[in-house]
Amino acid sequence: MMIRKIFLSLALCLSGLLLFVLLMAAVSSVSPVYDFPEEESFSGESIYNPYHSLDTLRAQGVPLDWKRANFHTHTKVDGILNECSHSPQAVYDSLASFGYDIVTFSNHNELTRHPFDTALQVNVYEHGINLLKYHKLVFGAEKVLAFDHLVPAFLFQRQFAMDLLGRQSDFIQLNHPLRTPLSSERVLKNLSGYQIMELDSGISTEQQYWDWALSSGHYSTALANDDLHYPDRSYCIAVRCNFLHASSGRYEDIKDCLLQGCNYSMRVPDYGSGDWAVKHRMNSELPYVRDIGLRDSSTVFIVLSERADSIRISGEGHTTLSLAESSQSAEYTMRAEDPYVRITAYFPGGEVIYSNPFARYHAAPGSVQPHYFSDVFTQKRASINIALSSLWNLSVLLVCSLLTFALIRCLSAIPKLWRSKEK
């Protein structure tokens, strides 16, 4: 009889735990339901050049000064929920040894202080404690948004989280879409509210999901980050990075650069495969962008520091528009039917460089190039469907009530079981 009671008690406890998890998932499912606008490609006579701030330097003959940066970095934090055992100072030193000039600390739902210079403080954190790894880097927030859906399975839930974050931040990066379950083509074509797409999770160099969003009229620039958790593992550190044309590592300068789009992203091989001397030496010899921009109002060009195996100009629908093979430079004159183009350069050593997109927009005659892409590409916001929102949240309330009732019944059965006598 005692063994039977123990097994039944364990079963009831496990059932209670499952019911509690389901209840938490249901409670956090509260969300408005949206109607999403129709897809619309970029159009207009003008072309936004994310590298327009380089024009003055080019005219003066001044070499470009790129700063290497990683924005998605984890460190040891107070408490038990640690994804990295290394301190902010140790992580910074590790990245600095590979030539990184800018390092920000983006711990999950926590703002981390710069380890040695308050002037270089960047308020950024990774939002998301959900089971589907739907994560966002939130820049410029004064506090962390605690709310999250435990299981953000629906597009409207993901949009709601993005809208909430947008109210208390300067800009947002959508993190690792390739590693986020249910990040389908439909989701990427409709989701709005972010300004930066995180590239290259290590699974693919194609970044087709970025083109899904761009082809639907959602303009974003790109960053490729290590998403660093293990600075002591060679295959985790200095394998993705960004180069910014920023005057300093201060937040206002970083913000100005990223909201212009005056940066490029890069995938870097794990040189030496564990031989740290080789890895450090090769990271000091990376190929780089000598020049990039727009000339004659419609010709996109890039000049590299060394020959690439191929330089691909791609556009709407992930279509290859032009391919220069075994070349150090490439250019492409955008046609009226090209909504946007972006450049990808593949090098013999396995390095890959990604430019930000050049995209069409409507401008008033005689107007100057806008400073920020947000001044050009106003994201079409999804509208709340009141009827469906009411129906959804009433359904959530009903499910929560049923789960609460079942949980109470389950837990109350345990003491009754032990009070019962064997007949």
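In this predicted model, the buried residues of helix α3 pack against strands β3 and β4, the latter spanning residues 102-103. Helix α3 comprises residues 88-96, and its buried residues are Pro88, Val91, Tyr92 and Leu95. These residues lie on the same side of α3, because they cover an arc of only 100° around the axis.

Strand β3 runs over residues 67-70 and includes Asn70. With a relative accessible area of 0%, Asn70 is buried. Apart from neighbours within four places in sequence, the contacts of Asn70 are Leu95, Tyr100, Ile102, Val103, Thr104, Asn225, Asp226 and Arg240. A polar atom of the Asn70 side chain also lies 3.2 Å from the backbone oxygen of His72. Lys67, with 16% relative accessibility, counts as buried because the cut-off is under 20%. The side chain of Lys67 forms a salt bridge with that of Asp65, with an N to O distance of 3.3 Å. Asp65 is partly exposed, at a relative accessible area of 46%.

Strand β12 covers residues 289-295; five of its seven residues are buried, so the strand is largely enclosed by the rest of the structure. Strand β13, residues 299-315, pairs with β12 in the antiparallel sense over six bridges. Within this arrangement, Leu294 stands opposite Val300 in β13. The two strands, β12 and β13, form a hairpin with three residues between them, and Asp296 in the turn has a positive phi of about 55°.

The count of salt bridges in the model comes to 15. One of them joins the side chains of Asp291 and Arg58, at 2.8 Å from N to O. This pair links distant parts of the chain, since Asp291 belongs to strand β12 and Arg58 to helix α2 (residues 54-60), 233 residues apart. Asp291 is buried, with a relative accessible area of 17%, whereas Arg58 counts as partly exposed at 29% relative accessibility. Asp55 joins Arg58 and Asp291 in a network of salt bridges.

A further salt bridge is found between the side chains of Arg335 and Asp338, with an N to O distance of 2.9 Å. Arg335 is partly exposed, at a relative accessible area of 39%. Asp338, by contrast, is buried, with a relative accessible area of 4%.

Key
Residues numbered from 1 in each chain as written. Predicted model: local features only at pLDDT ≥ 70, side-chain atom pairs only at ≥ 80, totals over all residues. Heavy atoms only, no water. Helix = DSSP H or I, 4+ residues; strand = E, 2+ residues; numbered from the N terminus. Buried < 20%, exposed > 50% of the residue type's maximum accessible area, 1.4 Å probe, protein only. Polar contact = N/O pair within 3.5 Å; in protein donor to acceptor, adjacent residues only side chain to side chain. Contact = heavy atoms within 4.5 Å. Arc of directions from axis to C-beta. Pairing = 2+ DSSP bridges. Salt bridge = Lys/Arg side-chain N within 4 Å of Asp/Glu carboxyl O.
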